[in-house]
Amino acid sequence: MNLSDYFYISYTSIKEKKGRAVGAVLGVLIAVLALSLALGVGESFQKAFVEQLQSTIAADSVFVIGGPTGLTDADIAYFKSIPGVRNAHGILMASGTVYTEKGEQQVSIVAVDPDFLPRYLGVSDMRKAVAEGESFPKGLGVLASYNLWMDPGTGRKLLDVGSTLTVRVSGKTIQLFVTGLLEQTSSSMSMGHEFQTATIYMDPDAYFTFIGKTRNYPVAIVLVDDLNRLDAITENIRALAPPGARIISAAAMVKQFTMLVGALQAFVAIISAVGMGVTALWIFDSTTISVTQRTKEIGILKALGYTSRDILIIFLLETAIVSSIGVFIGLSLAYMASNFMKVSAFGIVISPVLSLNTILLAALLPLASNVLAAFIPARRGASLNPVEALRYE
């Protein structure tokens with residue numbers, strides 16, 4: 001029997017039962033539309049939210065807080081050598097007192113590698129972080145945080161580029177010069193300094209010369225290049241870090257959230273898949289009725305030489321054709337809806353993303369479930385005795 005014969009008989013049968021066929025197409029259409037949009041929204045939300053987390057909590061970073069002895073340049077070099085690590089930076093910090101026209105004020109002094117400073121402040125370019133003056137500290141020239149050069153209560157400017165800062169730190173007094181005024185920016189890497197304590201950003205070499213005589217870092221930030229290797233990288237860092245050091249992985253938070261969103265996405269998909277179950281029951285019932293009504297036709301086909309396998313293929317092909325039509329229309333409607341559909345969640349406005357995985361899942365699941373639902377009654381019809389089928393009234 002030729003493939004064209006299968007299609008011709010299946011098409012003729014579908015045409016004769018247009019009512020049930022249209023109902024099945026509508027069921028598949030709704031199931032595919034709901035499933036694809038649910039998966040698309042979940043995927044889009046996961047991507048958008050993770051990107052936002054990565055930009056706000058430095059998700060690709062592992063923080064190493066040194067123990068009593070701090071971290072050395074050798075420790076930083078070890079961290080850089082770990083497979084999957086893009087870079088590692090030591091952060092120098094000290095607390096001091098600055099003397100201004102308002103009197104004594106607590107200040108944090110931070111020294112960071114100039115190449116890493118934009119990332120530390122949470123900006124892509126230092127020009128976006130500087131309100132006036134130079135973009136990087138150099139020598140005794142420093143950058144002053146927003147809450148140091150601006151009175152938060154009155155908005156009055158307290159410092160200008162070129163102002164002198166007298167700072168008492170580590171039991172000594174040093175004179176610094178303001179070469180840049182920073183905007184009010186902060187990221188998780190800066191650990192909220194600019195929201196809690198006024199901060200002075202200093203050149204690392206100048207820091208070692210005038211404040212810290214030993215090259216010890218209280219904190220190091222390790223940038224992870226491959227989040228999939230996060231657990232292994234964290235364990236390697238833990239093994240190389242000095243005794244008493246603490247490891248804090250911001251990326252682990254994102255990883256856990258990704259797993260949570262994935263579970264929620266699966267839950268929503270299961271709810272959406274209820275429509276597939278209803279459609280599969282419709283197909284089962286429809287195929288059962290069709291086998292009963294076409295018992296004599298089955299007997300005639302077998303008398304003409306059609307095998308049980310041929311009969312089974314015809315019934316399953318009818319289901320596949322009807323389901324494919326529903327899948328095609330459902331995916332087409334989902335694609336059109338994704339172009340204008342907007343969903344707001346946690347302050348993020350997203351549109352469904354119909355990735356290849358989403359399309360395949362939304363298409364194959366209804367198709368497979370419907371063919372499986374039709375298999376049992378179709379097999380029963382295909383196994384009918386041709387003599388008894390011809391006698392059926």
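A salt bridge here is a side-chain nitrogen of Lys or Arg within 4 Å of a carboxyl oxygen of Asp or Glu. The model is predicted, so local features need pLDDT of at least 70 and side-chain atom pairs count only at pLDDT 80 or more, while totals for chains, interfaces and linings use all residues. Residues are numbered from 1 along each chain as its sequence is written, and side-chain values use heavy atoms, with hydrogens and water left out.

Searching the whole structure gives 6 salt bridges. One of them joins R127 and D125, with an N to O distance of 2.7 Å. R127 is exposed at 65% relative accessible area, whereas D125 is partly exposed at 23%. In these terms, buried means under 20% relative accessible area, exposed over 50%, and partly exposed in between (1.4 Å probe, protein chains only).

Another salt bridge pairs R86 with D225 at 3.7 Å, N to O. This pair links distant parts of the chain, 139 residues apart: R86 lies in strand β2 (residues 85–100) and D225 in the loop between β9 (219–224) and α8 (230–240). Helices (H or I, at least four residues) and strands (E, at least two) are DSSP runs, numbered from the N terminus. R86 is partly exposed at 41%, and D225 is exposed at 54%.

K157 and E132 also form a salt bridge, at 2.5 Å from N to O. Their positions are 25 residues apart, with K157 in the loop between α5 (146–149) and β6 (164–169) and E132 in strand β4 (residues 130–133). Salt bridges with shared partners join E132, K157 and D160 into one network.
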